[in-house]
Amino acid sequence: MSDAPLVVDDVSVTLGGHAVVSAVSVTAESGDFVGLIGPNGAGKTTLLRAIRGGVTPTAGEITLAGQSVASLSAREIGRRVATVPQETELSFAFSVEEAVAMGRHAHIGRFGTADETDRKAVERALQRTSLTNLADRPVTELSGGERQRVLLARALAQATPVLLLDEPTANLDINHAIRTLETVRSVVDDGTAAVAAIHDLDLAARYCDRLVLLAEGSVVAAGSPDAVLTSETIAAAFDATAVVDRDERTGAPRVTALGDESDDL
Amino acid sequence: MRVWSEALTWSIALTAVLATVITVSAGIGPVWIPPDAVAKILLNAVVLPTAVDLSGPSVELSTQPLFRFQVAELHRQIVLRVRLPRILLGAVVGFSLAAAGTIMQGIFRNPMADPSIIGVSSGAAVGAVAFLVVPAAIPFGIGLRGAAFLGALVTAFAVYLIATEDGRTPVATLLLAGVAIQAFLGAVIGVLQLYSGEGLRAVVHWLMGHLGNASWTDVTITLLLVPVLFGILLAYARDLNVLLLGEEAAAGLGVEVERTKRVLLAVSAVLTAAAVAVSGVIGFVGLIVPHMVRLVVGPDHRVLLPAAALAGASFLVATDTVARAGATEIPVGIVTAALGAPFFLYLLRSREVHSL
């Protein structure tokens with residue numbers, strides 16, 4: 001068994017009698033940014049939930065640095081995996097700093113209080129997400145893009161070897177989307193293993209080291225963005241016709257989906 | 001550290017408020033006693049242990065009063081024998097209900113949650129009313145309070161079991177199960193009332209909530225129980241903060257969600273059951289006080305929980321003073337609602353409250 005920060009080994013998840021994830025294997029080494037792509041309902045979110053122990057796999061095993069997720073307590077998982085959720089309830093008027101400091105929960109004992117390490121981690125997370133100026137603002141008064149940054153900062157404050165992101169850019173304009181992924185990229189370059197479910201294929205191709213294309217719970221293709229994003233794989237996974245070429249400025253593959261009438265091309 | 005010092009500051013301030021409210025309240029009644037006289041009487045009652053005598057058949061603890069102010073003996077009797085048990089019981093009940101209400105609103109992330117949301121009050125009411133109407137149905141030796149306490153705990157546990165599947169207790173299921181059980185128990189109470197005959201007056205009196213029958217025994221028992229339970233709640237305050245983000249997010253941040261909910265529900269249920277057993281159903285304290293205090297001190301439970309509990313204690317002592325001050329005593333449950341509702345509506349309109 002590998003001691004990589006994250007190993008998903010032949011994992012299947014059944015929810016309500018449906019096989020949502022079937023025999024998926026993914027490994028993320030330190031410094032790896034793995035993108036999960038695929039159509040809605042492909043099992044991306046469920047796979048992320050399984051990694052953080054939110055659902056139990058019906059087959060296969062998920063290990064974090066060699067230790068099975070099933071054998072770890074919520075607190076131990078919280079020290080190994082941080083998640084940036086798609087959305088969250090931020091309806092209570094906590095300040096930005098307080099909300100980000102909640103990322104340290106798993107590091108502080110029941111009767112303990114935040115120490116210097118905790119404060120530094122929070123401060124650094126605020127800096128990385130350009131939230132330092134907003135630290136005292138109530139989260140209820142933030143814009144959608146700022147709230148998303150709070151969630152990212154909270155996950156960064158958690159300072160875990162593995163970072164999971166579920167559609168981190170789904171509700172963001174293109175500027176905020178790029179900034180979010182740049183931040184994740186820099187954290188990954190510092191040695192974190194990141195796995196992100198991303199809808200935007202072009203952004204995924206540009207920022208991820210490797211892509212895993214899922215459809216109906218199974219891996220259709222996995223590997224470098226160039227290898228995974230082809231007209232054939234996209235046709236197989238999305239049931240759509242697409243042209244893949246290369247973006248000259250970023251050098252990443254670029255996917256242009258075409259309508260059904262393009263069958264004649 | 002900053003949070004705990006903030007919590008301490010609020011606690012000291014609100015304890016001072018509570019001490020003031022108690023002192024003034026103890027002077028109000030058919031015989032008016034000025035606050036300074038009350039303060040002297042209360043200070044005189046503070047004793048220091050001076051020696052422990054182990055020679056006799058039982059342990060003898062000799063004590064010595066710390067202060068010896070000149071006070072009228074009649075006033076002393078009125079304050080210590082008549083008024084103080086009721087006032088202290090009011091403080092403990094208000095403290096417990098406000099603390100339990102704060103916890104329930106946090107667990108359910110729902111502003112309508114109150115201490116009896118999982119059926120504690122209805123269960124206590126069935127126990128108490130059954131005792132008053134058909135005493136034969138209650139096993140020998142259990143008094144009115146015991147019956148109410150048992151009814152409350154059995155109901156809360158039943159609601160919890162109904163809502164739990166595969167070790168998970170979704171709060172939405174818990175809420176609906178609580179509502180359904182409360183409706184069912186409401187019907188049971190209705191039937192018992194229909195056939196209560198002579199006992200109807202006592203039943204209605206109990207259901208409205210009152211502190212009139214307070215005894216030093218009640219005060220002692222609740223004073224021993226409540227601090228322990230409150231300490232457990234406070235130890236989980238940070239977990240509850242994280243739980244406000246939603247259960248999925250909280251689990252991701254390292255909170256044992258189901259265990260935390262279980263502990264908090266159980267402790268709040270016992271706290272509420274103890275309060276309801278000695279005072280009947282006093283509404284509003286557990287629902288409104290946490291909201292009022294949250295508007296002032298913010299949502300962090302490490303500050304909010306002690307602040308709300310102490311404010312609840314002052315609130316109930318003050319409203320109970322109003323309840324007993326008139327020519328005819330009004331059940332305190334009526335006063336809390338009659339005074340609390342308009343004040344809360346005012347807060348609701350003056351501050352833009354969109355969420356908890």
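Strand E4 (residues 59-64) of chain A pairs with E5(A) in the antiparallel sense over two bridges. Strands pair if DSSP finds at least two bridges between them; helices (H or I, at least four residues) and strands (E, at least two) are DSSP runs, numbered from the N terminus. Across this pairing, Thr63(A) stands opposite Ser68(A) in E5(A). The model is predicted: local features need pLDDT of at least 70, side-chain atom pairs count only at pLDDT 80 or more, and totals for chains, interfaces and linings use all residues. Residues are numbered from 1 along each chain as its sequence is written, and chains are lettered from A and ligands numbered from 1 in the order in which they are written.

E4(A) and E5(A) belong to an open, antiparallel sheet of four strands, ordered E2-E1-E4-E5 (chain A). Its edge strands, E2 (18-28) and E5 (67-68) of chain A, each pair on one side only. Helix H1 (residues 44-51) of chain A lies across E1 (6-15), E2 and E4 of chain A, at about 115° to E1(A). Angles run from 0 to 180 degrees between N-to-C directions, with axes fitted to C-alpha atoms, for helices over the stretch in contact. Contact requires C-beta atoms, placed from the backbone, within 7 Å.

A second open sheet of chain A has six strands in the order E6-E7-E8-E3-E9-E10, with mixed pairing. E6 (81-84) and E10 (218-223) of chain A each have a single partner strand, so one side of each lacks a neighbour in the sheet. The twist averages 15° from one strand to the next. E3 (residues 33-37) and E9 (residues 210-215) of chain A pair in the parallel sense over four bridges. Here Ile37(A) stands opposite Leu213(A) in E9(A).

Conventions: Two residues are in contact if their C-beta atoms, placed from the backbone, lie within 7 Å.
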